[in-house]
Amino acid sequence: MKSFLRLSLLVLFLSPLLLIVSSCNDEVLRTRTYQTRYPVIMKTAEFRAQAISLQSPSEMSVPGRIYVYGDYLFINEVNKGIHIVDNTNPSSPKFLNFISIPGNNDLAVSDNIMYADNYVDLLAFDITNPVTTHIVKRVEDVFPGHYTNRAAGLFLTYRDTIITEVMRDDQSGRGRMIDGFFNSAESKQSYGQGGSMARFTLMNRHLYTVDRSNLRLFNIDNSANPKFISTIGLGWGIETIFPYQNKLFIGSNTGMHIYDAANPAAPVKLSTYSHFTSCDPVVVSGDYAYVTLRSGTRCTMGSNVLEVLDIRDLKMPKLVKSFPMQNPHGLGLSGSNLFICEGAFGLKSFNAANVLNIGNEQLQHIKNIKATDVITGPRSLIVTGADGIYQYDYTNAGDLRQLSHLKISKPAL
């Protein structure tokens with residue numbers, strides 16, 4: 001009996017060890033699913049053959065730049081097209097429709113004509129009746145930065161896709177992929193008042209656009225028939241463009257360029273204000289320009305500050321004051337109030353009556369939103385960010401009251 005008991009205890013003791021040893025040679029399957037992008041070489045004939053179509057309203061997924069025109073908001077869905085939103089009542093904005101425009105990232109509106117990029121082309125749309133928006137003009141090959149081989153008509157783009165990987169854990173504890181496949185829900189493609197991070201702007205019957213290194217000009221005397229004029233090299237790192245009193249203020253990650261556009265078809269460079277490498281949108285009012293500098297993905301050397309520049313002498317802009325910020329992105333001015341988007345840190349409003357003391361005159365800090373850019377619109381303060389588009393009553397800049405929130409939808413995994 002005692003021998004049997006000892007044997008039973010021994011078996012109970014060894015059984016887990018036997019299981020562990022036997023399982024060491026087993027492989028465990030596991031999966032992971034994620035969204036990514038992959039590069040695609042496309043021919044111009046291929047993308048031009050795709051229909052530029054007006055579709056039923058759809059949810060926002062990755063909103064980009066936004067434009068206010070009349071009663072409407074025009075919201076870029078990065079690389080895919082433009083949402084048209086009826087904003088007659090900012091407390092209850094309504095999606096009207098979606099214009100499918102592959103490769104679209106920027107837009108501007110003038111005289112009921114909306115201009116939008118379509119990879120290497122510029123498109124013009126008649127939006128007199130947003131419900132029946134339709135294309136009226138295509139200007140080809142005006143944004144050649146996409147091309148990898150212009151002579152062959154080839155350019156690089158990206159496609160969004162959802163990938164599921166099946167992994168097998170082996171004895172080493174490391175995973176190795178045994179299968180990978182593209183989800184059938186793959187996207188077909190990869191990828192008037194604008195914000196401070198706009199790359200399209202309008203002034204004096206001309207459309208001005210910037211890319212990473214160039215300024216491009218279009219004559220829009222006939223709004224529905226834009227005509228390309230010329231390209232002006234600006235140097236690398238260009239990010240934003242802001243018009244003010246026949247001047248163009250162009251933000252880059254190394255400084256701010258000022259161009260005199262008194263002759264709108266032939267802007268002349270007046271000066272450059274330089275700073276450390278840092279992301280850089282700019283707005284202007286009166287004798288001062290306001291520049292936000294931030295650290296970030298492409299701005300690793302950047303400071304997080306608001307700079308106030310004296311521009312009374314446009315040929316010699318000078319820094320007069322700098323105020324520390326958390327991670328400032330876009331900004332907007334309305335009267336004596338300045339609004340600054342602080343990225344993941346929210347939105348701040350300041351009394352800008354005394355330009356040399358703005359940083360010490362904070363009126364309000366809304367912390368529970370992600371804020372990238374802001375437009376001081378005629379009916380509301382419009383704030384864009386990673387979690388959607390917010391609108392506020394800004395009658396009192398020290399007591400911003402939320403009117404609405406257009407949320408984004410997450411891609412299904």
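Arg205 is partly exposed, with a relative accessible area of 31%; by this scale, buried means under 20% relative accessible area, exposed over 50%, and partly exposed in between, computed with a 1.4 Å probe on protein chains only. The structure is a predicted model, in which local features need pLDDT of at least 70 and side-chain atom pairs count only at pLDDT 80 or more, whereas totals for chains, interfaces and linings use all residues. Residues are numbered from 1 along each chain as its sequence is written, and side-chain values use heavy atoms, with hydrogens and water left out.

Arg205 lies in the loop between β15 and β16; strands (E, at least two residues) and helices (H or I, at least four) are DSSP runs, numbered from the N terminus. Asn204 belongs to the loop between β15 and β16 (206-210) and is partly exposed, with a relative accessible area of 37%. Most residues other than glycine have a negative phi. Asn204, although not a glycine, has a positive phi of about 50 degrees, and Arg205, also not a glycine, has a positive phi of about 60 degrees.

Ala198 is found in the loop between β14 (193-194) and β15 (200-203). This residue is buried, with a relative accessible area of 11%. Leaving aside neighbours within four places in sequence, Ala198 is in contact (heavy atoms within 4.5 Å) with Arg65, Glu239, Thr240 and Ile241. The C-alpha atoms of Ala198 and Asp373 are separated by 9.4 Å, although the two residues are 175 residues apart along the chain.

On one side of the account stands strand β32 (residues 381-385), which pairs with β33 in the antiparallel sense over five bridges; two strands are said to pair if DSSP finds at least two bridges between them. A hairpin joins β32 to β33 through two residues, and Thr384 has Ile389 of β33 as its bridge partner. Strand β34 (residues 401-406) also pairs with β33 in the antiparallel sense, over five bridges, and here Gln391 stands opposite Ser404 in β34.

Gln391 is also one of the residues that line the largest cavity. A cavity is a set of points on a 1 Å grid over the protein atoms alone where a 1.4 Å probe fits but cannot get out, and lining residues have an atom within 4 Å of a point. About 50 Å³ of space lies in this cavity. Its lining also includes Val68, Tyr72, Asn87, Arg379 and Ile382, and by class it has five nonpolar, five polar and one charged residues.

The largest nonpolar core has 28 residues. Such a core is a set of buried Ala, Val, Leu, Ile, Met, Phe, Trp, Tyr and Cys residues joined through side-chain atoms within 4.5 Å. Phe249, Met256, Tyr290, Leu306, Leu338 and Ile358 have the most contacts inside this core. Strands that each supply at least two of its residues include β21 (255-260), β24 (288-293) and β25 (305-310), and β24 gives the largest share, five residues. Leaving aside neighbours within four places in sequence, Leu306 is in contact with residues including Tyr290, Phe323, Leu338 and Ile358. A second, separate core has 27 residues, among them Tyr67, Val109, Phe218 and Ile220.

Technical notes. 1 Å grid on protein atoms, 1.4 Å probe; cavity = no way out; pocket = protein on both sides within 12 Å on 5 of 7 lines; lining within 4 Å. Points joined across faces, edges and corners; volume = space filled by probe spheres on them. Nonpolar A, V, L, I, M, F, W, Y, C, P; charged D, E, K, R; others polar.
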